[in-house]
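Dear colleague,

Please find below the structure that I am handing over to you. The findings follow directly after it.

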Amino acid sequence: MAIDFSVNGKAVSLQAEPDTPLLWALREELGLTGTKFGCGVAACGACSVHVNGEITRSCSVPVSDVAGKSITTIEGLKGADGTLHAVQKAWIAAQVPQCGYCQSGQIMAAVALIQKTGKPSNDQIDAAMTNICRCGTYPRIRKAIQAATGQAAAASQGAA
Amino acid sequence: MADNPTLEIEPAAPVKRKGVKRRMFLIGGVAVVGAGLFGISMADGNAVKNAAKLTTGKGEHSFATWLKIAEDNSITIYSPHTDIGQGSNTGLAQMLAEELDAAWDQVKLVSAPAESAFANTGLGRGFLGEMSGQPGIINGIPQSFLSMIARSMNLQITGGSSALRFTGQATFQKVGAATRLALVETAAKRLGVPASELVTQDSRVIHAKTNTSLTYGELAAEAAAQSLDNDPPLKDPKNYRLMRQSVQRLDIPAKVDGTAQYGMDFSVPDMRVATIMAAPARGGKLTSVDVAPAMAVKGVEKVIKLDDAVAVVGKGYWAAISGLRALSPTFSDGGNKGISTASIFKAYDDLIAKGEPAGEAGEGEVKAGLGTKPVEAKYQVPYLHHAMMEPFALTAHHKDGKLNIWGGMQDPLASKMKAAEVSGLDADAVTFHPMLIGGSFGRRLPMYMEIVQQVTKLAMQLPYPVKLIWSREEEIAQGAYRPQSAAVLKANVNSNKRIAAYQNDYAQTESAEAETTFIYNLPVVARRHYEYPSNQITGAWRSVNSTQQGFYNESFMDELSHSAGVDPVEFRRNHLKAGSRHLLVLDTVAQRSGWGTPLPEGVGRGVAIVESFKTIVAHVIEASVNEDGSPKVNKVFTVVDAGSIVNPDAATAQIEGGTIMGLSSAIGEAITLDKGAVQQSNFTDYPILQMAGAPPVHDVHFINSGAFMGGIGEPGVPPAAPALANALFAATGKRVRNLPILTQAKA
């Protein structure tokens, strides 16, 4: 059956099995491979996207559930003119990624947190940023979120 | 050093040195004798020619395999290492570009093709030196000979914290310097001036007197025809412009906007997706499977039975995994049904009690030295999983007698050779296309290449390209784990509060001797390995055996200090050589952490110092206990002596990440076995530390001792677990001897 929704501002109509997770529809049907497969059980957050602005782990949402909804993926964060989102810029400035595989999900989670809280506190960062990073980039993620929201990074010393 | 150094590398490791095996495979079987007699060129002629053929087009010129200068002045560096996220490729580019005096914004770094012309000479050089115990001796061995060794071993590996210290120092700096000399000589001829009047900067050769300059691009064609100096002088570090600078990593921009392409992301037209389940008990075989339930799933096209696994091929991953989950395959257990976590620990205890080690190292008469009442402690650590964020994914296509494979492995060249072996094709018919790797930590090394074999077998019987993806469940259950290990440590501390004798009896599959450096200066010390094979393969897990050995020795040193009534830092100082690098690292971390100053109620401070991969790392951790009994790390202070640092910010990131990986494993990670099979299935029961558990404060400091460069990717890990355990003891009086600290619920 056809499932209609929008991705990064563009309308899409997919012929897909309704139980196919949104993750695989994005990656395999739409070629949006910036959203990653990590665990398949919503435990790691590598597949995080925004569904109607809410942070969502797309590996555990059937594509039929997003009919009529608006999806934003890492590929849709840049401005129309190609400029990076402030959070993406902060990620480069803090040299956050190591292997980089989880970072699309981390950035989507950070953007959602900032949209919700404005200037997230350390506790809010701890509570919201539950995505797993095996390389251990957490101190720099915290620093980048603070920098992107105009907060001094004094609360957490990242790089020496 | 003698002009004609003689290195004899034993073809097979004797029993007593079993732990060397993981390194021996690198150069095993190659005897290196009288190496100084070989000719002088950067790599041997054939390799250089083949490399040039593989990388250069019109207007492009190849230098010593690893460097290409184009007439438009752009510079491409070919790295034989896979940047798993350590930033090592940026570091390598910094090293070559520094000596070349290249314009940094015109430097591009790409993966070297997985072809033998690009086998890694620097690695052969580094490991030869390390194994012979004489790092200096390698300087007499010409590149041409190392190139030959590396190619004979299909050596293109990333591991052993080797990229910068071996490839960088042994090869890339020299390639940069030698090429710079060739460009200068070419310019001197063309301008009719003495070479001594020329300087280089930003990819130009400049003659200040006449205010003229030539770009490297303009000189490249002629310079490439020259033979290069095999042993060019390197820059004085005080003139560095790129090295020792925190330049931004080259790979990061593509990792923040979703454009970075990992093996998982590869696709080609007509590609199908497969997923697989191997025998849960390693060593077992597939005994039966009814394929019908999978074939009934929409999108499933084929079920393929392998000797020890069943694979389902579908239109996409969801079809394939749904099909696989619909199956009820049965597997034999390979005779391993009696193997469990408890049975392995029991066997370890029995072996140590019996006292017949498979290998021994150390000095002095330990039995007499220990006396009748030594301090004694027993420690146990579990199997650990790498849990890299990108599960295995390789795409393979067999067509017209050629096999192409795309994906990320720590040794692309060995992967290619393995695929050739499994497919029966000539190596020339197989191409491995290296892609970005989403984490590895030792998991994607060539000795554990089941996925290469699996995808090759699938591709050889499918008429279309196939991407094989391991589910996270498969990835956790079929790991190449850091070994489960146990140790009984004993020591005799004399009336002067000095250790008179020290014994470390440890049991696990392989010897830890190759990756373990015992730093203390003791009159009598024995390290004895008790060998017990389980059905699991012994993996290389970030810092290899240094994790458990670091935990044993640094926990026990803490116990000894308390039993002697001496401060833990002071006690360690008393057993380190005066004036040593170790002592300076320890003193510096004590000073930076405010060791000895008061702490809030319930907070304890712990110290640990471990040398691994020639780098010395000490952590001081401040920790307390949460209401639920879990440990809370408040602050970490780290001091590192890696000799010198190429990119301070990237190195800091490695220490931060290594520390967190060490803490994560100490706090919560364990792979357990029952009936020979792994009990964990996903991140739900193999918990990785998250943001809230990571240290909110981490002070990282480097000491630039100028010693031979050590590794930076791994050495931050080993002291983390003992520093935390020691801090918890200081906070609570309870000693952690078994890891993980949180004994997790079984799946």
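**Hairpins in chain B**

Strands E1(B) and E2(B) form a hairpin with 3 residues between them, and B:Ala64 in the turn has a positive phi of about 50°. Strands and helices here are DSSP runs numbered from the N terminus, with at least two residues (E) for a strand and at least four (H or I) for a helix. The model is predicted, so local features need pLDDT of at least 70 and side-chain atom pairs count only at pLDDT 80 or more, while totals for chains, interfaces and linings use all residues. Residues are numbered from 1 along each chain as its sequence is written, and chains are lettered from A and ligands numbered from 1 in the order in which they are written.

E1(B) covers residues 60-63 and E2(B) residues 67-70; the two pair in the antiparallel sense over 4 bridges. Pairing of two strands requires that DSSP finds at least two bridges between them. B:Glu60 has B:Ala70 in E2(B) as its bridge partner.

E2(B) is also joined to strand E3 (residues 75-79) of chain B, by 3 bridges and again antiparallel. Here B:Lys68 has B:Thr76 in E3(B) as its bridge partner. The hairpin of E2(B) and E3(B) has 4 residues between the strands, and B:Asn73 in this hairpin takes a positive phi near 80°.

**The four-stranded sheet of chain B**

Further along chain B, an open sheet is formed by 4 strands in the order E22-E23-E24-E27, with mixed pairing. Strand E22 (604-612) and strand E27 (697-702) of chain B stand at the edges; each has a single partner strand, so one side of each is left without a neighbour in the sheet. From one strand to the next, the twist averages 15°. Axes are lines fitted to C-alpha atoms, for helices over the stretch in contact, and angles run from 0 to 180 degrees between N-to-C directions.

Strand E24 (residues 631-641) of chain B pairs with E27(B) in the parallel sense over 6 bridges. In this pair, B:Val639 stands opposite B:His701. Helix H17 (residues 581-593) of chain B lies across E22, strand E23 (615-625), E24 and E27 of chain B and runs at about 140° to E24(B). Two residues are in contact if their C-beta atoms, placed from the backbone, lie within 7 Å.

**Helix H15 of chain B**

Of the 19 residues, 17 are buried, so H15(B) is largely enclosed by the rest of the structure. A residue is buried if 20 or more other C-beta atoms lie within 10 Å of its own, exposed if 12 or fewer, and partly exposed in between, with C-beta atoms placed from the backbone. B:Gly565 follows H15(B) and has a positive phi, near 70°.

Chain A has 5 helices and 5 strands, which run β-β-α-β-β-β-α-α-α-α from the N terminus on. Its C-alpha trace spans about 55 × 35 × 25 Å along the principal axes. Buried residues make up 60% of the 160 residues in chain A.

The contact takes 52 residues from chain A and 51 residues from chain B. On the side of chain A that touches chain B, the largest share, 5 residues, comes from H5(A).

Yours sincerely
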